[in-house]
Amino acid sequence: MMKLFYAPGTCALAPHILLEEIGRPFEAVRLDFTANEQRSAAYLELNPRGRVPLLVTEQGSLRENVAISLYLADLEPARGLLPSDPWRRAQAISVMSWMSGTVHGQAFAGWFRAARFTDDPAAQETVKAKGRADALAHLAEMDAMLAGKTWFTDERFTAADPMFMILRRWGIRIGLDVSPFKALAAHSERLAARPAVARVLEREGIRFDA
Ligand SMILES: N[C@@H](CCC(=O)N[C@@H](CS)C(=O)NCC(=O)O)C(=O)O
């Protein structure tokens, strides 16, 4: 059985949702970030990067949100979690890569983990402010991407969708005014209404909008 290591509300929520969506049995293993469990010796042995998500499969361990999400989608092609058309598939992977590398890895990480960018405490304040401003601009861009659409790709939920909700939620949590982003809000509501997503939110003990 596959095992997903996650911490509530983190980017691991994306593969957590996809695991529920594909309907294969899995074990969700929760790490407590407030107790720094991601840096415990036991976890570092599994994932020396000390990050989540980590998917443990019969073939070995897989890191990186985008790779895990693509893998889960490919496990059950009949679920259509990635477009089969090469161009649409590339569009989905493009937005997933941008959300992971730029919106998460630069903007939000700048706010949440400024010490990754500089050791200088004064400069960390600048990194945080820049991360926060960039996050707001990126959320505006994400809102525009969803305008007039039900899901990111066509009329169908895909592996690209969960990260929109996760990043909007982080925006709310750091006090950004997300109220102008109506398409993004409607998309998050639609996601949260999916039975698989509702089960995951309940297991993680979080709300999609707070
Ligand atoms: N590029 C990685 C980033 C993973 C990552 O940074 N995860 C965060 C949670 S959203 C984490 O584990 N942070 C723990 C830490 O920084 O100590 C991915 O997309 O999987």
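In which hand does helix 1 pass helix 6? Helix 1 passes helix 6 in a right-handed crossing, where right-handed means that the near helix is turned clockwise from the far one by less than a right angle, and left-handed that it is turned anticlockwise. The model is a predicted one, in which local features need pLDDT of at least 70 and side-chain atom pairs count only at pLDDT 80 or more, while totals for chains, interfaces and linings use all residues. Residues are numbered from 1 along each chain as its sequence is written. Helices (H or I, at least four residues) and strands (E, at least two) are DSSP runs, numbered from the N terminus.

**Domains and their contact**

- The domain assignment, which is automatic or taken from a database, divides the chain into domain 1 (2-79) and domain 2 (86-194).
- The centres of domain 1 and domain 2, taken over C-alpha atoms, are separated by 20 Å, and their contact (C-beta atoms, placed from the backbone, within 7 Å) takes 11 residues from domain 1 and nine residues from domain 2.
- On the side of domain 1 that touches domain 2, helix 1 (13-22) and helix 3 (65-75) are the elements that give two or more residues, and helix 3 gives the most, with five residues.
- That side of domain 1 divides into eight nonpolar, three polar and no charged residues, with Ala, Val, Leu, Ile, Met, Phe, Trp, Tyr, Cys and Pro counted as nonpolar, Asp, Glu, Lys and Arg as charged, and the others, Gly among them, as polar.

**Helix packing**

- The axes of helix 1 and helix 6 (residues 162-173) come within 9 Å and cross at roughly 140 degrees, the axes being lines fitted to C-alpha atoms over the stretch in contact, with angles from 0 to 180 degrees between N-to-C directions.
- Helix 1 and helix 6 are therefore oblique to each other, given that angles under 35 degrees count as roughly parallel, over 145 as roughly antiparallel, 65 to 115 as roughly perpendicular and the rest as oblique.
- In this pair, Leu-13, Ala-14, Ile-17 and Leu-18 of helix 1 meet Pro-162, Met-163 and Ile-166 of helix 6, a contact with seven nonpolar, no polar and no charged residues.
- Helix 1 also passes helix 8 (residues 195-204), with axes that come within 8 Å and cross at roughly 130 degrees; the contact of these two helices has five nonpolar, one polar and four charged residues.
- Helix 4 (residues 86-112) and helix 5 (residues 121-146) pack at about 150 degrees with their axes 6 Å apart, which makes helix 4 roughly antiparallel to helix 5, and their crossing is left-handed.

**Backbone features**

- Most residues other than glycine have a negative phi, and most peptide bonds are trans.
- Val-52 and Pro-53 are joined by a cis peptide bond, with omega about 5 degrees, and Pro-53 lies in the loop between helix 2 (41-46) and strand 3 (54-57).
- Asn-36, although not a glycine, has a positive phi of about 55 degrees, and Asn-36 lies in the loop between strand 2 (26-30) and helix 2.

Definitions and conventions. Contact = placed C-beta atoms within 7 Å.
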